[in-house]
Amino acid sequence: MKQALKILALLFVLLIFCYALVAFFLPLKLPTTPESSVLSDIHGVEIGEIIYSGSIRHRELAYGDIPRFYIEALVALEDKTFWSHPGLSGRGILRSLMRNIESGRVVEGASTITTQLIRNAFWINEKRDFKHKFLESVYALRIEHIHTKEEILTEYINRVSFGHLNI
C-alpha cells in the first residue's frame, strides 16, 4: 500500500512538472485593455473623453511617462523585492505559509507585482483556487523570462485598478 502511494505521489509530481514545463514554453500574450476615446478640438486641445463601457477609464502610459517617485512608492508598498526576484518571492511564500499555519487559516498571501499582473490580466474576478495560483506562478515565471522588469511594471500600472475610473 505504501509503495502504491509513493508511486501515485511521484506520478502526481511528474504530472505537475510536465504541465509546468509545457505551460512555461507556451507563448504568453496578455489581453489588451480597452482605451478611452479622447476628444480634441481643432487645435488638439482635449475637450472630453468617452469612457469605455461607462466604467473603464484607461489611457496607456509609457514607462518614461511614469514619475520615478510613483514607481518607487508602488514597489515599496506592493513588492519590495520586485527588482531582484524572478517573478515569485521565495521569502514571501515561506513567510505567508508560516503565518497561515500559525493562524490556522489563510491570513496572508505572497503575491508579487508580477503575479498580480497575471491575476489582473486573466482571472481578476475568479476565485483563488490551487489551479489558478499554480498557473499564476508558472505564468509569472514565464512573463519574467519574456519581458523586462520595466515592461512588467508598466503593464501592471496600466492594468491595475486604483479605484473607480482611476485606471
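Mentor: Let us begin with R159, which lies in helix α6, residues 149-159. Please keep in mind that this is a predicted model.

Trainee: Why is R159 called buried?

Mentor: Buried means under 20% relative accessible area. R159 has a relative accessible area of 12%, so R159 is buried.

Trainee: What makes the link between the side chains of R159 and E155 a polar contact?

Mentor: The two side chains are joined at 2.9 Å. A polar contact requires a pair of N or O atoms within 3.5 Å, and 2.9 Å meets that limit, so the term applies.

Trainee: What is the separation between the C-alpha atoms of R159 and N120?

Mentor: These C-alpha atoms are separated by 7.0 Å, while R159 and N120 are 39 residues apart along the chain.

Trainee: Let us turn to S96. How do you know that S96 counts as buried?

Mentor: S96, a residue of helix α3 (residues 90-103), has 6% relative accessibility. The cut-off for buried is under 20%, and therefore S96 counts as buried.

Trainee: Which residues does S96 contact, leaving aside neighbours within four places in sequence?

Mentor: With those neighbours set aside, S96 is in contact with E108, G109 and A110.

Trainee: Why is F17 called exposed?

Mentor: F17 belongs to helix α1, residues 2-25. Exposed means over 50% relative accessible area; F17 has 52%, so F17 is exposed.

Trainee: Of which surface patch is F17 a part?

Mentor: F17 forms a nonpolar surface patch together with I7, L11 and L14, with an area of about 410 Å².

Trainee: How many helices and strands does the protein chain have, and in what order do the elements run?

Mentor: There are 6 helices and 2 strands. From the N terminus on, the order is α-β-β-α-α-α-α-α. Of the 167 residues of the protein chain, 29% count as buried.

Trainee: Where is confidence lowest in the protein chain, and where is it highest?

Mentor: Confidence is lowest in strand β1 (residues 37-40), with a mean of 69, and highest in helix α2 (residues 68-78), at 93. For the protein chain, the mean pLDDT is 79, and 78% of the residues reach 70 or more.

Key: Residues are numbered from 1 along each chain as its sequence is written. This is a predicted model: local features need pLDDT of at least 70, side-chain atom pairs count only at pLDDT 80 or more; totals for chains, interfaces and linings use all residues. Side-chain values use heavy atoms; hydrogens and water are left out. Patches are made of residues with over 30% relative accessible area and no salt bridge: like charges are joined within 9 Å, nonpolar side chains (Val, Leu, Ile, Met, Phe, Trp, Tyr) within 5 Å. Accessible areas come from the Shrake-Rupley method with a 1.4 Å probe; for residues, only the protein chains shown count as cover. A salt bridge is a side-chain nitrogen of Lys or Arg within 4 Å of a carboxyl oxygen of Asp or Glu. Helices (H or I, at least four residues) and strands (E, at least two) are DSSP runs, numbered from the N terminus. Buried means under 20% relative accessible area, exposed over 50%, partly exposed in between (1.4 Å probe, protein chains only). pLDDT is the predictor's confidence in each residue, from 0 to 100. Contact means heavy atoms within 4.5 Å. A polar contact is a pair of N or O atoms within 3.5 Å; within protein, one must be able to donate a hydrogen and the other to accept it, and residues adjacent in sequence count only if both atoms are side-chain atoms.
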